[in-house]
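Subject: Structure for you to look over

Hello,

Here is the structure I said I would pass on. Please have it open while you read the notes that follow.

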Amino acid sequence: MARIIGGIGTSHTPTIGFALDQKKQDDPAWAPIFAAYAPLKAWLVEQRPDVVFTIYNDHVTSFFFDHYSAFALGFGPEHSPADEGGGARDLPPMPGHPGLARHIGERLMADEFDLSFFQRRPLDHGCFSPLSLLFDHSQGWPASLIPLAVGVLQNPVPSARRCWKLGRALRRAIESYPEDLKVAIIATGGLSHQVHGERAGFNAPDWDREFLDLLVNDPETLARMSQAELALRGGWESAEVVMWLIMRGALSAQVHVAARDYYLPSMTGIATLLLENLAPAPPVPAAVPAASTPPELMPPASHPFDLETSARAYELNRFLHAMTDPAHRVLFLSDPEASFAGFDLTKTECDLVRRHDWHGLINAGAIFFGLEKLAAVLGLPNAVVYAGMRRESLEAFQASRNAPGALYSVAGKSEA
Ligand code: FE
């Protein structure tokens, strides 16, 4: 079974990655950062976690306000550093762990935490700034990464209590995974800082110390605090420390503080904390519903679109989704082969699209709502897709409807 070997709390200010990239180890202004991370780095070398589940927030880099999520879980096979304006940092992609990530996603959803899921989105300094100092990555990363992005920028944001409860559920999820994996939980953020408005530059070292004490000994008190109270005490952006409660919630009630440090060089209180469980994991409660419906209870011939399908058929569905772009569909109609360029489709997928093989496409992992867009571009009604998936003639399928003459598609208007 997978097990949680400990939790790390760390700030995620870009300063940390900057100090590393600029080789500031011997600079008196920056050396305390490297000293603070040394025991955490040594612990990771010694403990060799297979997976680091890393809780961070994106800073309007890979996620924007056209669709903003409270909790977004990354389940891709690898994770790359993001370009935040001046080019991406020179870090190798970090491998993901799709199997455990999918399991965590299924268990958390079954435990009433409705997540969003992402793949192929680069991760910004919120994740890679601390990771780059926690691990020697010169020969590639020694652990896999599962990132959880928490939406703390656009109000309303998840409450401290919600994050605490998510941590408890996260532990149940991880410790119900059958593979023998060692998992470390890394929470990032803060501590005290504010970057917006006239209060920019606000810090509160006394509150930062109290926060760390409470996180170790009395996290439920923190879980009762509102965003406003956290922001009042630590600065507006410091309210992102709710992410530390996810990590703390995933650990046992009593923890051993193996390392703790704090340094305030400029804008953000850079804190590091290493916690080890003092009690074994409680058994996973039987009340937690099954993660997924057993195959024998699934309705036949239904093609549930799950995370595995989403990853496997990503390019095919991206091609179909692109039918919402007028230029793409004009190109597709005039020169289908040229329209395949820019999409990493397999030969089989190209052939299925060429032949309008609806049965083959649905079996290849296409989502129906992409197929109905393709049909609309081809000037075909949805019923052609239904009949094709059933391997029936259009006439035979329509004969099974109450109104056989009713034909429609999602095309808004025909394009000349
Ligand atoms: Fe942040």
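At what angle do the axes of helix α11 and helix α16 cross, and within what distance do they come? The answer, taken from what is a predicted model, is roughly 40 degrees, with the axes of α11 (residues 314-321) and α16 (residues 368-378) coming within 8 Å. The two helices are therefore oblique to each other, and their crossing is left-handed. On the α11 side the contact is made by Asn317, Leu320 and His321, and on the α16 side by Gly370, Leu371, Lys373 and Leu374. Sorted by class, this contact of α11 with α16 has 3 nonpolar, 3 polar and 1 charged residues.

Now the chain as a whole. The protein chain has 18 helices and 10 strands. Along the principal axes, its C-alpha atoms fill a box of roughly 75 × 50 × 40 Å. Of the 416 residues in the chain, 39% are buried. Among contacts with a separation of 6 or more, 79% are between residues 24 or more positions apart.

Next, the sheet. In general, strands of a sheet pair through backbone hydrogen bonds, either parallel or antiparallel. Here 8 strands form an open sheet with mixed pairing, in the order β6-β3-β7-β2-β8-β1-β10-β9. The edges are β6 (116-118) and β9 (255-263); each has a single partner strand, so one side of each is left without a neighbour in the sheet. On average, and with direction ignored, neighbouring strands of this sheet are turned by 20 degrees against each other.

Within the sheet, strand β1 (residues 3-10) and strand β8 (residues 182-188) run parallel and are joined by 7 bridges. For Thr10, the bridge partner in β8 is Thr188. Helix α2 (residues 31-47) packs on the sheet, where it touches β1, β8, β9 and β10 (270-277). The direction of α2 makes about 25 degrees with that of β10.

There is another helix pair to look at. The axes of helix α1 (residues 14-21) and helix α4 (residues 125-134) come within 8 Å and cross at roughly 45 degrees. That angle makes α1 oblique to α4, and the crossing is left-handed. From α1, the contact involves Pro14, Ile16, Gly17 and Leu20; from α4, it involves His125, Phe128, Ser129, Pro130, Ser132 and Leu133. By class, these residues divide into 6 nonpolar, 4 polar and no charged.

Which residues of α17 (residues 382-390) are buried? They are Val384, Val385, Tyr386, Ala387, Gly388 and Met389. The elements that cover them include α15 (358-363), α16 and α18 (394-399). After α17 comes Arg391, which has a positive phi, near 60 degrees.

Pro381 lies in the loop between α16 and α17. Pro381 and Ser176 are 205 residues apart in sequence, and their C-alpha atoms are 46 Å apart in space.

Regards

Methods:
Residues are numbered from 1 along each chain as its sequence is written. This is a predicted model: local features need pLDDT of at least 70, side-chain atom pairs count only at pLDDT 80 or more; totals for chains, interfaces and linings use all residues. Axes are lines fitted to C-alpha atoms, for helices over the stretch in contact, and angles run from 0 to 180 degrees between N-to-C directions. Helices (H or I, at least four residues) and strands (E, at least two) are DSSP runs, numbered from the N terminus. Angles under 35 degrees count as roughly parallel, over 145 as roughly antiparallel, 65 to 115 as roughly perpendicular and the rest as oblique. A crossing is left-handed if the near helix is turned anticlockwise from the far one by less than a right angle, and right-handed if clockwise. Two residues are in contact if their C-beta atoms, placed from the backbone, lie within 7 Å. Ala, Val, Leu, Ile, Met, Phe, Trp, Tyr, Cys and Pro count as nonpolar, Asp, Glu, Lys and Arg as charged, and the others, Gly among them, as polar. A residue is buried if 20 or more other C-beta atoms lie within 10 Å of its own, exposed if 12 or fewer, and partly exposed in between; C-beta atoms are placed from the backbone. Two strands pair if DSSP finds at least two bridges between them.
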